[in-house]
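Subject: Structure handover and notes

Hello,

Please look through it before you read the notes below.

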Amino acid sequence: MARQTPAPEGVSGMDDCSDGHAGQALPVAAARERLSALVAPVTDTEVVALAQLPGRVLAEAVSSPIAVPGADNSAMDGYALRADDLAEDVRLEVIATIYAGHPFQGQVGPRQAVRIFTGAPVPEGADTVVMQEHVAVDPDGRIGFTRLPRPGDNIRPAGEDIPLGAEVMGPGTLLRAAEIGVLASIGHDRALVYRRPRVAVLATGDELVPPGQPLAPGQIHDSNSATLGAMLWRLGVEVVDLGRAGDDPQTLERLFRDAAARCDAIVTSGGVSVGDADHVMPTLKRIGELHLWKIAMRPGRPLAFGRIDRCWFFGLPGNPVSVMATFHQIVQPALQRMMGMAPRPPLTLRATLQGGLRKKPGRTEFSRGILGHGEDGRLVVASAGRQGSGILSSMIRANCFIVVPQDSGSLEDGAEVDVQPFDGFVW
Ligand code: AMP
Ligand code: MG
């Protein structure tokens with residue numbers, strides 16, 4: 001197979017894909033790598049306040065100007081005291097009460113303790129906290145122990161979360177709840193992030209009618225615009241909805257040029273096969289560059305990848321399940337790179353297939369599956385039912401892709417398979 005190195009600026013990178021059906025389909029992993037190698041991260045940055053950071057990508061290394069926590073503090077509601085005083089029969093005088101946010105200025109001396117609450121700074125002299133459940137309070141207010149802590153127990157040392165000066169995250173970090181929380185904990189109320197790529201979405205096809213309008217015979221509602229819009233929104237790019245275009249080269253050319261002038265990428269659906277009504281690839285070739293169009297995956301073999309001037313072009317097939325599969329497997333990693341993100345390969349788990357799967361060798365197949373636990377607690381997965389690339393509702397029934405390798409044939413009941421869960425874990 002002809003392999004292509006990244007095309008230099010302004011030079012057409014056409015290769016095995018340039019002439020219709022000729023050429024081998026590219027394996028999924030190779031396609032993913034090639035796209036990610038070609039697209040470049042946006043370089044513009046902006047300063048954004050914490051509340052607007054979810055989903056943004058950090059553009060700088062961040063080091064902590066403080067230690068977190070800033071001082072030794074209590075991990076429990078209890079009593080702070082000196083480890084030297086830990087004994088079965090000892091009685092300690094309680095000299096103060098310390099709440100979180102209210103440091104105690106005095107010292108804890110021998111045979112003394114302070115009542116202390118979670119998060120309150122441990123006072124001078126004390127080095128151990130005994131939890132209140134392990135303390136008996138005498139009628140005279142002194143305390144004894146019902147259970148002895150070990151020296152140093154229940155104290156969170158200064159800097160245990162983040163030492164002073166530590167680098168907490170680097171450029172390319174996707175900012176989710178935990179990252180944003182850490183920024184807040186070191187006192188940052190904003191961060192320098194990459195500009196979000198602006199991505200245009202266009203559905204193509206004479207048969208398409210927007211949802212909300214009645215259908216004439218032969219027409220269908222455009223669902224791809226909505227699905228793509230949702231996937232792009234979740235990814236964190238800025239979405240520009242171009243609506244729908246008929247299968248007409250002049251209209252496509254005008255819309256492609258307009259979008260290329262103001263967007264970082266265009267994602268289209270439909271019209272990328274080599275049928276008479278498929279004008280996306282010829283139009284892209286005419287006004288830009290076509291780098292790649294045939295990927296050995298199912299659903300979704302054709303994918304027109306190229307660019308118009310500085311704007312990257314992803315022409316997805318029209319079938320709604322193919323749109324979702326090619327977006328997740330091929331387009332999303334490239335867009336994440338444009339966003340400035342470090343690569344995040346999808347979580348892949350091994351599960352036992354229930355019921356077998358029919359497949360021909362030649363393409364990597366992303367079947368919709370239902371993942372769960374078998375009686376013995378192991379992960380098991382079964383097909384989510386009919387796998388036609390037009391059966392979008394199968395994506396609702398399913399909770400994972402079953403990834404069947406390119407060279408594999410049909411799989412028997414009980415085979416071990418790779419699955420990619422649809423849902424992330426913590427976000
Ligand atoms: P195409 O790739 O243009 O040959 O389209 C393949 C199939 O996907 C056809 O059945 C189209 O009607 C359907 N399709 C194309 N675009 C959309 C869309 N935006 N929403 C729903 N179905 C579509
Ligand atoms: Mg079409």
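Conventions

This is a predicted model, in which local features need pLDDT of at least 70 and side-chain atom pairs count only at pLDDT 80 or more, while totals for chains, interfaces and linings use all residues. Residues are numbered from 1 along each chain as its sequence is written, chains are lettered from A and ligands numbered from 1 in the order in which they are written, and side-chain values use heavy atoms, with hydrogens and water left out.

Ligand site

Ligand 1 is surrounded by 15 residues, of which Glu207, Asp222, Ser223, Gly271 and Gly318 are the closest. A residue is near the ligand if one of its heavy atoms lies within 4 Å of it. By class, the shell holds four nonpolar, nine polar and two charged residues. Here Ala, Val, Leu, Ile, Met, Phe, Trp, Tyr, Cys and Pro count as nonpolar, Asp, Glu, Lys and Arg as charged, and the others, Gly among them, as polar. Two strands, β13 (198-204) and β15 (220-221), each supply at least two residues of this shell. Strands (E, at least two residues) and helices (H or I, at least four) are DSSP runs, numbered from the N terminus.

- Glu207 places a polar side-chain atom 2.6 Å from an oxygen atom of ligand 1.
- Gly271 has a polar backbone atom 2.9 Å from an oxygen atom of ligand 1.
- Asn224 has a polar side-chain atom 3.3 Å from a nitrogen atom of ligand 1.

The protein buries 75% of the 490 Å² that ligand 1 exposes when taken alone. Accessible areas come from the Shrake-Rupley method with a 1.4 Å probe, and for residues only the protein chains shown count as cover.

Strands around β17

Strand β17 (residues 265-269) is mostly covered, with five of its five residues buried. Buried means under 20% relative accessible area, exposed over 50%, and partly exposed in between (1.4 Å probe, protein chains only). On one side of β17 the buried residues are Ala265, Val267 and Ser269, and on the other they are Ile266 and Thr268.

β17 pairs with β13 in the parallel sense over five bridges; two strands pair if DSSP finds at least two bridges between them. In this pairing, Leu202 stands opposite Thr268 of β17. β17 also runs parallel to β21 (residues 311-316), to which five bridges join it. There, Val267 has Phe314 of β21 as its bridge partner.

Other strands

Strand β6 (residues 112-116) is largely enclosed by the rest of the structure, because four of its five residues are buried. It pairs with β4 (residues 78-81) in the antiparallel sense over four bridges, and Ala80 stands opposite Val114 in β6. With β5 (residues 93-98), β6 runs parallel and is joined by four bridges; Arg115 in β6 is the bridge partner of Thr97.

Strand β24 (residues 379-383) runs parallel to β22 (residues 349-354), with three bridges between them, and Gln354 has Ala382 of β24 as its bridge partner. β24 pairs with β23 (residues 364-373) in the antiparallel sense over five bridges, where Gly372 is partnered by Val380. The hairpin of β23 and β24 has five residues between the strands, and Gly377 in it takes a positive phi near 90 degrees.

Helix α6 and two residues

Helix α6 (residues 320-338) bends by about 50 degrees at Phe327; the bend at a residue is the angle between axes fitted to the seven residues ending there and the seven starting there. Of the 19 residues of α6, 16 are buried, so the helix is largely enclosed by the rest of the structure. Gly340, which follows α6, has a positive phi near 95 degrees.

His328 lies in α6 and counts as partly exposed because its relative accessibility is 30%. Gln219 sits in the loop between β14 (208-209) and β15 and, at 28% relative accessibility, counts as partly exposed.

Regards

How values were computed. Polar contact = N/O pair within 3.5 Å; in protein donor to acceptor, adjacent residues only side chain to side chain.
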